[in-house]
Amino acid sequence: MTKLALDVTSALIRISGVKQLDGEDIEDTAVRALAVVEERFQRSEFEKKDNARRVNEILDVVMSLASLDYTKRAGFSESSDHIDALAGGVNMLGEELKQSTISLKEKEVLLREIHHRVKNNLQIISSLLNLQSGQIEDERTRQQYAVSHERIRAMAMVHEKLYESKDLSGIDFGDYVSSLAHGLNLSCNPDPSRIRLNIDVDQAPVQLKLDAAIPCALILNELVMNGFKHAFPGERQGEISVQFIRGTEINQLIVSDNGIGLPMQFDLENTNSLGLQLVTVLSEQIDAQLEIVNEGGTKFVLRCRCH
Amino acid sequence: MTTADSIFETSLDPRGFIISRVAPLAEINLDHAKENTAKVREISGDVVYPILVDIRKIRSISKEARDHFAMRGRKPGVVAIAMLVSSPLSRIIGNFFLGLNQPVVPTRMFTDRDQAERWILNGKHEEHD
């Protein structure tokens with residue numbers, strides 16, 4: 001045996017852990033060592049393939065969970081090794097995810113139902129006010145009832161849009177602006193042939209959360225109602241424009257008219273108009289900037305960061 | 001059908017805590033969990049003890065059983081839980097009881113039984129948890 005062959009044989013015997021028996025020829029020991037090493041190698045190859053299969057099975061379960069399919073479960077081997085721990089962990093996380101998803105869906109249904117009921121209740125209140133206003137003879141009081149009726153209707157519409165929304169967290173304010181303005185045109189415009197309403201809303205959706213949507217809705221309601229009520233006295237003709245412009249940071253809600261304009265001495269801070277007082281207070285509430293241009297009619301520009 | 005008796009070996013340690021050992025390769029479901037709770041109450045009598053649960057050989061535990069052991073919405077039958085773990089699987093399960101399925105009483109995971117007993121017996125759970 002050459003030195004190289006002897007070195008290889010010795011290394012093989014050492015790696016295999018086989019002991020040379022008394023009187024045994026080193027070549028016979030090498031044959032036994034080779035069998036051990038070969039058997040170990042084959043076992044290792046089998047384990048590699050088996051581990052890859054088990055890991056793939058767990059990955060299949062993970063992928064099913066990712067698509068919210070909870071029917072698959074990872075299996076266990078007899079070894080209670082790290083792969084079994086992974087399988088157990090994935091199975092348990094799947095169970096928790098299933099429960100959370102069910103709870104979330106139940107809550108979503110409940111929330112949708114709540115918004116639906118709030119909308120219905122507000123509509124009932126609004127209708128009651130409307131009915132009651134029919135029994136009032138004093139014109140001024142009747143007008144006040146009508147205004148309250150519109151304010152409540154504006155809020156009801158927010159809840160209606162909310163329960164119709166995809167995720168219940170907010171409404172597409174552009175869509176709301178169109179709906180409310182159209183609604184006010186039907187209910188508050190004294191003569192649509194004399195006062196025209198233009199609505200110009202950015203097509204890109206702007207999601208507004210409930211806490212910002214209600215104030216914005218009421219502001220819009222007041223400004224449009226104010227226009228119908230005061231901008232075109234007598235038989236004066238003209239138009240009211242409602243614009244909603246989406247910005248990267250700041251959105252603009254513009255309500256303008258080419259009517260008689262505000263009185264020269266008008267001061268928003270000291271106005272007696274409850275509607276405009278409401279506009280000021282609600283603008284502050286949502287940190288919006290309100291600009292009034294009293295030139296060639298009236299223009300209210302509300303700038304807010306609401307999203 | 002397996003019963004809690006074949007899954008858990010539960011007894012009262014004379015030093016003043018319950019010990020419950022999970023059988024090798026046990027797959028625990030809600031029935032087993034409920035039976036174990038009943039057994040703990042039976043052993044405890046009027047006293048509420050801490051418990052040492054040896055889950056080193058556990059194979060799996062269902063979601064319902066985990067929720068049951070978390071004791072939410074029911075009066076706890078133990079004052080603290082020390083979980084004895086060793087295998088990767090038992091560590092994973094133990095961590096569920098420290099997070100997603102956290103029981104309402106102080107719960108801690110140990111790999112060393114002496115440390116677990118010390119935590120229970122010295123009232124450490126009352127101080128730190």
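Colleague: How many bridges join β1(B) to strand β2 of chain B, and do they run parallel or antiparallel?
Modeller: Keep in mind that this is a predicted model. β1(B) and strand β2 (residues 17-22) of chain B run antiparallel, joined by 6 bridges. Within that pair, B:S11 has B:I19 in β2(B) as its bridge partner.

Colleague: Which strands form the open sheet in chain B, and in what order?
Modeller: The order is β1-β2-β4-β6-β7 (chain B), 5 strands with mixed pairing. β1 (8-13) and β7 of chain B are the edge strands; each has a single partner strand, so one side of each lacks a neighbour in the sheet. From one strand to the next, the twist averages 20°.

Colleague: And at the β7 end, what does strand β7 of chain B pair with, and in which sense?
Modeller: Strand β7 (residues 107-110) of chain B pairs with strand β6 (residues 81-84) of chain B in the parallel sense, over 4 bridges. B:M83 is opposite B:M109 in β7(B).

Colleague: How does the chain cross from β6(B) to β7(B)?
Modeller: Through helix α4 (residues 88-98) of chain B, as a right-handed β-α-β crossover. α4(B) lies across β6 and β7 of chain B and runs at about 160° to β7(B).

Colleague: What does helix α2 of chain B lie across?
Modeller: Helix α2 (residues 30-44) of chain B lies across β1, β2 and β4 (51-54) of chain B. Its direction is at about 20° to β1(B).

Colleague: Switching to chain A. What is the strand order in the open sheet there?
Modeller: β2-β4-β5-β7-β6 (chain A), again 5 strands, and the pairing is mixed. The edges are β2 (195-201) and β6 (289-293) of chain A, each with a single partner strand, so each has one side without a neighbour in the sheet. The twist averages 10° from one strand to the next.

Colleague: Which way do β4 and β5 of chain A run, parallel or antiparallel?
Modeller: Antiparallel: 6 bridges join strand β4 (residues 238-245) to strand β5 (residues 251-257) of chain A. One bridge pair there is A:I245 with A:Q252 in β5(A).

Colleague: Which strands does helix α6 of chain A touch?
Modeller: Helix α6 (residues 210-231) of chain A packs on the sheet and touches β2, β4, β5 and β7 (298-304) of chain A. The angle between its direction and that of β5(A) is about 15°.

Colleague: Last topic, the interface. How many residues of chain A are in contact with chain B?
Modeller: 12 residues of chain A, against 11 residues of chain B. The chain A side has 3 nonpolar, 5 polar and 4 charged residues.

Definitions and conventions. Residues are numbered from 1 along each chain as its sequence is written. Chains are lettered from A and ligands numbered from 1 in the order in which they are written. This is a predicted model: local features need pLDDT of at least 70, side-chain atom pairs count only at pLDDT 80 or more; totals for chains, interfaces and linings use all residues. Two strands pair if DSSP finds at least two bridges between them. Helices (H or I, at least four residues) and strands (E, at least two) are DSSP runs, numbered from the N terminus. Axes are lines fitted to C-alpha atoms, for helices over the stretch in contact, and angles run from 0 to 180 degrees between N-to-C directions. Two residues are in contact if their C-beta atoms, placed from the backbone, lie within 7 Å. Ala, Val, Leu, Ile, Met, Phe, Trp, Tyr, Cys and Pro count as nonpolar, Asp, Glu, Lys and Arg as charged, and the others, Gly among them, as polar. A crossover is right-handed if, with the strands pointing away from the viewer, the path from the first strand over the helix to the second runs clockwise.
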